[in-house]
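Welcome! Please take a moment to look over the sequence and the model before reading on.

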Amino acid sequence: MNIIIYRRRFSRWGVDGTLVIKGVKVCNTLEHPERLLPAGEYKIALLSVVMNKDKKKSGMKSQLSKKMPIILKKGSHIPTDASRSPYLMPGNGPLTLKKGCIILGKAVATGLVIHSREHFDRLYERLKKGVKTYEGVSLTIIDLGTDEIPTEI
């Protein structure tokens, strides 16, 4: 499976893009305006990421492990600590993002997406099927700088 992200708008509120699979728009994407991945070829792996959750009353942190679609450079090995890698994720705004993560959802304004969890869950199910195949899942990021998305892929 090959996923293409066309980055269309670059603003101080975020980088808006469109995620396309097999020539069909799946959802919109949102990235931090400065901490984004360079355009190019990547691969996606589903790996467990350890998330720290604060417990405010006790003052302790608990660790939660979730399988997330990790974005890796083509030809690189799978990291031992996936929490330092960028990944596809649900969310609303990009300004708190670190490491080149990409938010999925439906764009409503520059730097803002909605229905993010629904879009993420649908794509995650497709990725689970794609990762099981021999070819795996590849990701291509293309900087367009316009609203026009090429119809020929």
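This is a predicted model: local features need pLDDT of at least 70, side-chain atom pairs count only at pLDDT 80 or more; totals for chains, interfaces and linings use all residues.

Residues are numbered from 1 along each chain as its sequence is written, and side-chain values use heavy atoms, with hydrogens and water left out.

Let us start with helix α1, which has 17 residues, 116-132 (helices are DSSP runs of H or I with at least four residues, strands runs of E with at least two, numbered from the N terminus). Among its buried residues are His 119, Phe 120 and Leu 123 (buried means under 20% relative accessible area, exposed over 50%, partly exposed in between, with a 1.4 Å probe and protein chains only). The buried residues of α1 fall within an arc of 135 degrees seen down the axis, so they line one face of the helix; the arc is that of the directions from the helix axis to the C-beta atoms. On the other side of α1, Arg 122, Lys 129 and Lys 132 are exposed.

Now for the charged pairs: the whole structure holds five salt bridges (a side-chain nitrogen of Lys or Arg within 4 Å of a carboxyl oxygen of Asp or Glu). Three of them are listed here.

| Salt bridge | N to O distance |
|---|---|
| Arg 7 and Asp 143 | 3.0 Å |
| Arg 9 and Asp 16 | 3.7 Å |
| Glu 125 and Lys 128 | 3.5 Å |

Arg 7 lies in strand β1 and Asp 143 in strand β9, so this pair ties together parts that are 136 residues apart in sequence. Arg 7 is buried at 1% relative accessibility, whereas Asp 143 is partly exposed at 40%.

Key: The expected span of a helix is 1.5 Å times one less than its number of residues.
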